[in-house]
Amino acid sequence: MSNAKNTVLQATAELFGDKDPSAVDRWVAANYKQHSALAADGPEALRALVTGLGEDFRYEGARVIADGDLVALHGTYHGFGPDPLVGFDVFRVDAEGKLAEHWDALTPQVEDTASGRSQTDGPAAVTETDTTDANRALVSEFAEKVLVGADYSVLTDYISTATYHQHNTEAADGLDGFGAAAAAWADQGKLLVYKKVHKVIAEGEFVLTQSEGEFGAPVAYYDLFRVSDGKIVEHWDVITPVPAELPHANGLF
């Protein structure tokens, strides 16, 4: 396990598992930069957030991937509000082993999904670390050509026609399931528009992209792909609106 991954897992366990505000002193850099819509900039704002967590708050982790100094968490928050929230968190760890920067995206948990799969279930362990570079390249090219470039004629160059497990709540499994969902969204005036890919984070068979675009309104897209034998075979996501105002000046991306 990478040092950065160890740092993030230990820090988040103390911050959000133990709900210990003093963990900020041990794990958070003095110049901590926040991109979340939920907190202001700096370590003291994070301390206030942790201090305010209720007794019913808990985090249920699903998977963790690390790529250099970036670590991405995928899981479910209980107790942030009346309903559970599925989220992606990305942390940057600095050279001193401190949390230096944070991005996230949250969406309500949905019980009944089109595929019957939950927003977080499926394979979680990284088992194919030797494929990291190839999988990062595959998903990066897919994101630029298909997501940003909207060239769906090459979709099957990247996504398996035999197996495509879908965790988007409104899309069924397979390319046909995605196509039907995209057509329904278009009828609602919600076209999948990707304008820029900001991050590609890869470890083994898992690759996470963070993008901005529009889905009837400005949104942040977090898409997690699982790759097997050179093709995308599984997809999880969070699509969250870009708020008009943030509690800091750092932007969502």
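Arginine 117 counts as partly exposed because its relative accessibility is 22%, and buried would require a value under 20%. The model here is a predicted one. In it, aspartate 173 pairs up with arginine 117 in a salt bridge, with the closest N and O atoms 2.8 Å apart.

## Other salt bridges

How many salt bridges does the count come to? The tally is 13. One of them joins arginine 47 to aspartate 25, and here the closest N and O atoms are 2.8 Å apart. Aspartate 25 is out in the open, counting as exposed at 51% relative accessibility, since the cut-off for exposed is over 50%.

Then there's arginine 58, which forms a salt bridge with glutamate 60; the closest N and O atoms in this pair are 3.9 Å apart. Arginine 58 is partly exposed at 45% relative accessibility, and glutamate 60 is partly exposed at 43%. Glu14, Asp20 and Arg26 go beyond a simple pair, being linked in a network of salt bridges.

## Lysine 5, tucked away

Is lysine 5 buried or exposed? This residue of helix H1 (residues 3–17) counts as buried, because its relative accessibility is 9% and the cut-off for buried is under 20%.

So what does the lysine 5 side chain meet there? There's a polar contact with the side chain of glutamate 203, at 2.9 Å. Leaving aside residues up to four places away in sequence, lysine 5 touches Val64, Ile65, Ala66, Val71 and Glu203.

## Helix H4, with a kink

Helix H4 (residues 132–148) runs for 17 residues and reaches 22 Å from its first C-alpha to its last, which is close to the 24 Å expected at 1.5 Å a residue. H4 isn't straight, though: a kink of about 25 degrees is centred on phenylalanine 142. Just past the end of H4, alanine 150 adopts a positive phi of about 55 degrees.

Which residues of H4 are buried? They are Thr132, Asn135, Leu138, Val139, Phe142, Ala143, Val146 and Leu147. Residues three or four places apart in an α-helix point the same way, because there are 3.6 residues a turn. The cover over the buried residues of H4 includes strand E7 (193–203), strand E8 (206–214), strand E9 (218–228) and strand E10 (231–241).

## The whole chain

Stepping back, the protein chain has 5 helices and 10 strands. Its radius of gyration is 18 Å, close to the 18 Å that the globule rule gives for 253 residues, so the chain is as compact as a globular protein of that length. Along the principal axes, the C-alpha atoms fill a box of roughly 50 × 40 × 30 Å.

Buried residues account for 48% of the 253 residues in the chain. Among contacts with a separation of 6 or more, 54% come from residues 24 or more positions apart.

Notes: Residues are numbered from 1 along each chain as its sequence is written. This is a predicted model: local features need pLDDT of at least 70, side-chain atom pairs count only at pLDDT 80 or more; totals for chains, interfaces and linings use all residues. Side-chain values use heavy atoms; hydrogens and water are left out. Helices (H or I, at least four residues) and strands (E, at least two) are DSSP runs, numbered from the N terminus. Buried means under 20% relative accessible area, exposed over 50%, partly exposed in between (1.4 Å probe, protein chains only). A polar contact is a pair of N or O atoms within 3.5 Å; within protein, one must be able to donate a hydrogen and the other to accept it, and residues adjacent in sequence count only if both atoms are side-chain atoms. Contact means heavy atoms within 4.5 Å. The expected span of a helix is 1.5 Å times one less than its number of residues. The bend at a residue is the angle between axes fitted to the seven residues ending there and the seven starting there. A salt bridge is a side-chain nitrogen of Lys or Arg within 4 Å of a carboxyl oxygen of Asp or Glu. The radius of gyration is taken over C-alpha atoms; the globule rule is 2.2 Å times the number of residues to the power 0.38.
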